[in-house]
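Here are my notes on the model, as numbered points. Have the structure open while you go through them.

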Amino acid sequence: MTQVFAYIPFKNGSAEDVALEYPEAVKKIDPAASLTAVVTGSGADLDAVAQDLTNTYKEVIKISHADLAYPNAELVRKALQDVLPKDAIVLVPHDTFGMDLAPGLSVKMDAAYAADIVDFEGIDGTSLKLIRQELGGAVYTHVTADISSGAVITIRPGSFAPTEAGSAGGKVTDKSGEVKELPAKRKFLEIVEAEVGDVDITKSDVLVSIGRGIEEQENIEIAQELAEAMGAVVSCSRPIVDAKWLEKSRQVGTSGQTVKPKVYMAMGISGSFQHLGGVKGNPFIVAVNKNPKAPIFQVADVGIVEDILEFMPELTEAIKSQ
Amino acid sequence: MSSIIGPASYSFFGVFPASVLSFILPVVGVGLFAYIMARRLAPLVRAAPDYRLDHIGRRIQKLIVIWLGQVKQPRYMLAGVLHIVIFFGFLILSIRSVSLVIIGFSDGFVLPGFGGLLGDVYNFLKDYAATFVLIACIIAGVRRGVFKPARYAVPEKYGKDHTAEAVFVLGIIATLMISESLFEASELAYALQQTGEAHFVAPFTLVWIFKLLLSGASFEFLQGLHIFSYFLHDVTFFFFLCFLPLGKHFHVITSIFNVFFMRLDKGKIKPVRHGITAEQLDDLESFGVKKLEDFTWKHMLDFYSCADCGRCSDHCPANAVGRPLSPRFISIKARDLMFKNYPLSGEIYKSKLLVEDIYTEDEIWSCTTCGACEEECPLAIEYIDKMVDLRRGMVDEGMVPQSLQKPLKALEKRGNPYGKMEKKRADWALDKEFAAACTIKDLAKDKADTLYFVDSITSYDDNLQEIARHTAVILQRAGVDFGILGKDEKDSGNEVLRFGEEMLYQDLKEQNTQAILASGVKQIVTADPHAYNALKNDYTGMPPVRHISQVVAQKITSGALALKPCLDPDKVYVYHDPCYLGRHNGVYEDPRQALDAIDGLTRVEMQKSRDRSFCCGGGGLMLFYEPEEETRMGVLRVNMAAEAGANVIVTACPFCLVNIQDAIKVAGKEGEMEAMDFTQLIARHLR
Amino acid sequence: MEILVCVKRVPDTAENEFELNSAGNDLDRDDLVYSVNEWDNYAVEEAIQIVDNAGGSVTVITVGDDESEEVLRREMAMGANNGVLLSDDAFDGSDGKGIAAILKAQIEKGKYDLILTGAQADEGAGQVGGMLAAMLDYPYASLVNKIEIVDDTTIKVGREIEGGNQEMNEIQLPCVLSIQTGINEPRYVGIRGIRKVASVDIPVNGAGDLGIDAATVGAAGAKTKRVDYFVPDLGDGAEMLEGSTDEIIEKLIERLKAKGGL
């Protein structure tokens, strides 16, 4: 039977959303696979998360260690090496922590490695077939991984439908005792918070991008609200920057930033060549524009002919009420 | 009593001969001047070479028109007229000054040939010259000191105000005029009182007035005044001579050379180094201007010659929109650095990297190479070549903003700044409606008489592909047998060259040249002024190149093209001169003539038009650059068009169209104003 | 400080339009243009800047075919002192671990204080740096956007984490860091720069030179293999959502969820 262990990152006592996505991913790997959640940390936060996860997972492994209070990838890797069976499939989110942890873990476990997986096509013998993107999302590839000696796989957050947090009634197993020493050559010092207003639109997966259709500076608030509801960042086309309604760092285009989001909400943007030159990586483009002939509709995936000033608040409401 | 004693025979306190002083003064003055000039020439000797001794005939012609003729001066009417008065006054009085110096030790000296009628005419003229120069100095002094025109202001970041120097020099000139006139008036008044002999004096001149005022003065006073004014003039004259090379009045000496050695051909860029061919470029250790001594001697002479008049910056679009560039201070900062690094005495300092020392990277990237500054400069100072040389230096050092690195890399890989596939270069011709009406020959397969050179932006920008289709339709209707290079066409490289990436430009030029020569066409037409300029001025060995507006104008005249009456007679049209069509290539009238051939079309002119056209914001790589600026050039331009009462801005350049279309949106004039390309207007009105 | 930077020659996303071949299982490679992986330029620039301040030298290495030499030259034109090409038919088809093993073999021939890679390359996996560190038993940090030299044995690094925040760590040397874009502004290298280093000798090391068993690398040793490329059917132009605003919003939210926008 395929054994899958899902590493669950958490923050402030609650598991990250990916915790709800793993079950769906595992179903696609092998519907018969066993799935165990793994959490590392220390103190009450860890206990609360582990307990919480029993609602979704039947098995939860808890590794508690004072040095793991902050998820230092080097220490987490050592802890997982000590606890997990060698031939297991380990799932890790493909985020800034997962990228720090997973490649080295695969070496230490002598397991196959597959990164940033967006879908699975199932197991054939010892071969697991997966789908991922290359070239900044321009193309997809099928990849096979030989899982005979296990596999470490990072999955792209948001790629699998979240399950409802039910009442799996699982149990927490404390494996802290199996962890050997955790000497580290890398020491966490501190988090330097991003300066307010210093938003990096190139790093956001979802952009609510506004153009001339916003009409007035006061209306930027409307886009801001939608972005907040979507967990997105507001970017814009050049006229908005020229009008000094938003700072230059928010501008998408050949004379601005080149962005590679997963979803690009083009709100009242006509879609000039210069602007679209800054949108790379084949994102899912949603275009809302009152002008049905706006060129943006040629390149968008979904088009909506509406006035953004009326449409955006309604969309914000609808998303909030979900 | 005898007549008045001249300085050559006069003795101070009856013992010390004044002629000794009047001999020592010029010796010391000229000696000091020669020393200063030698020190000033030191950097020019170490500078990069520059070939400026070709086309002597044309150079003399420029000298006559620009230097002697002062043609650029009246572009600013009051300042220009004042300058012309002082300039000609100086020329006339220089003869008088020379003879005055000699009179100091040779009584009654007259320059050879000035003894007879010529001397009388000259004296008549010079008396008026001195008078008018004094009046001009007073007006100029009041203007600089009291009214303070805005263009002379020195922003804090560029240093201290220069008004004091300007007023001081006006004072010196005034002193020269007054002392010269007093010297003569005192003698005449003396003679009149003594002998009753009245010499003719030009009425209402300074001499005439002074003579009148002095008519009742004592002999002693007149004698004293005569000697005093002589030496006041002599001292002031030699002080002024030695003062000139210390500041902006150096132009009094250098202007004649600066104009003689000026750049003769517009639209061209200087080679990386004079005397080095394109094939030898790889052997050069360093490219462009990095340190002061990397400038050519002529460019250094430019710095010396800058009169700080501010006309360049007054017309600089980058300066107008608050970019960190003011051409005037490109010159002044470099001049001050030359003065600092090459002091009048002592050691010469080692120069540092200019973009860290006196310029900033943004300052040098801010220039759109529109050429407005050079057009305006009364001293024929060059800016574009310097900008390009400075950029070459930065490119060589790897100092290129990330925003420009992307398109440059794409140009290297794909031959266009957008990184689009070569094979899609001719996709504009695939538009269904267009393809049904017009087939385009690919010169890789077919032969044609004329090449239509499309260039990158028109080939790839969805909105601008219309220009290519309109151009093709016009050419077809005009009966021109034409084709395109398709995927073999590369970016013309006009901006690649001007952004300092010489080797990439050479590469693009090489590829285009081969493709064009292989196609065997007899002429080239383009609708992109940047391509037009590159092919016509930067490339060599090309068949004749014409802009589409020239073709249209000619075909209308010959009757090959006929235009319908205006389809929108209620609209008011204005033509915006693209820099690379107008200023750099002198094509002003053809597009206007074509527009005027549309019956019933109302056309107005903007105040800034033809050679004073205001740049739309720049083309080519400038579209990728992220300048710091307060507003956009295009917005200012759109407002100028609105002021002129126009609601349709017609331009003849794809970059102008992009910039002005955007600017109309930014200026909030959507619906009120529109921009269209020349080819669109003509294509719509084809009969 | 002796610094080694691992670089890769990739088809750049900015200058290519990726299309499939007629068989539909691989990229149409006829019209592709290649360049240095964008992230690697930042890594090399960072290395040069460190060496400019602290002394030492920068070595660039890559695993690839003969054509990969051009990326080494480009990085040497930026200012890297040495370049080594790791090339062997046996290396073809290597997965991330295979590449890391080849790099490791070369790295062990020298002595380096700091090993840099780009945070990711064309495949977008971001794997080689972390694997290399684990194989060498060196500490590792990914997505590094700041490096501060403390002393000969220790450096401080900032990692770019979610929300634009920066995670500061202290790391012992030698270590492996994967470099994120934006850590610096890489200098420009034009045709001229590359021509200047055109005649510099770049040694080529194969499996034999590196003492690598051919069976452990290349396709033979790969546990992860790419089977094919494909492009999901996207259709022409936008799918226009119509109906009442409520209906449109409902459809839109459904699609946004599917695409990870919510």
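**Notes on the model**

1. Let's start where chains C and B meet: 15 residues of chain C and 22 residues of chain B take part in the contact. On the chain C side that touches chain B, helix H5 (residues 191–196) gives the most, with 3 residues. That side of chain C divides into 6 nonpolar, 2 polar and 7 charged residues. Two residues are in contact here if their C-beta atoms, placed from the backbone, lie within 7 Å. Nonpolar covers Ala, Val, Leu, Ile, Met, Phe, Trp, Tyr, Cys and Pro; charged covers Asp, Glu, Lys and Arg; the others, Gly among them, are polar.

2. Some ground rules. This is a predicted model, in which local features need pLDDT of at least 70 and side-chain atom pairs count only at pLDDT 80 or more, while totals for chains, interfaces and linings use all residues. Residues are numbered from 1 along each chain as its sequence is written, and chains are lettered from A and ligands numbered from 1 in the order in which they are written.

3. Chain C as a whole: its secondary structure comes to 8 helices and 13 strands. Helices (H or I, at least four residues) and strands (E, at least two) are DSSP runs, numbered from the N terminus. The C-alpha trace of chain C spans about 65 × 45 × 40 Å along its principal axes. Of its 262 residues, 51% count as buried. Buried means that 20 or more other C-beta atoms lie within 10 Å of a residue's own, exposed means 12 or fewer, and partly exposed is in between, with C-beta atoms placed from the backbone. Among contacts in chain C with a separation of 6 or more, 68% come from residues 24 or more positions apart.

4. C:Pro174 sits in the loop between strand E9 (166–172) and strand E10 (175–179) of chain C. For background, most peptide bonds are trans, and most residues other than glycine have a negative phi.

5. Chain B has a couple of positive phi values to check. B:Gln70 has phi near 55°, positive in a residue other than glycine; its place is the loop between helix H2 (56–68) and helix H3 (77–103) of chain B. B:Thr369 also has a positive phi, of about 55°, although it is not a glycine, and lies in the loop between helix H14 (361–365) and helix H15 (372–376) of chain B. Buried or partly exposed? B:Gln70 is partly exposed because it has 16 other C-beta atoms within 10 Å, while B:Thr369 has 27 and is therefore buried.

6. Not counting residues up to four places away in sequence, B:His83 touches B:Gln70 and B:Gln73. B:His83 has 20 other C-beta atoms within 10 Å, so it is buried.

7. Next, a helix pair. In chain B, helix H1 (residues 18–46) and helix H9 (residues 297–305) pack at an angle of about 145°, with their axes 8 Å apart. Axes are lines fitted to C-alpha atoms, for helices over the stretch in contact, and angles run from 0 to 180 degrees between N-to-C directions. From H1(B), B:Arg40, B:Pro43 and B:Leu44 meet B:Trp297, B:Met300, B:Leu301 and B:Tyr304 of H9(B). The contact's residues divide into 6 nonpolar, no polar and 1 charged.

8. H9 of chain B is also among the elements that cover the buried residues of H12(B), along with helix H10 (311–315), H15 and helix H16 (384–396). Those buried residues include B:Phe329, B:Ile330 and B:Leu337, and also B:Arg328 and B:Arg335.

9. Finally, the domains, whose bounds come from an automatic or database domain assignment. Chain B has domain 1 (11–251), domain 2 (278–396), domain 3 (414–558) and domain 4 (572–684). The centres of domains 3 and 4 of chain B, taken over C-alpha atoms, are separated by 22 Å. Their contact takes 27 residues from domain 3 and 28 residues from domain 4.
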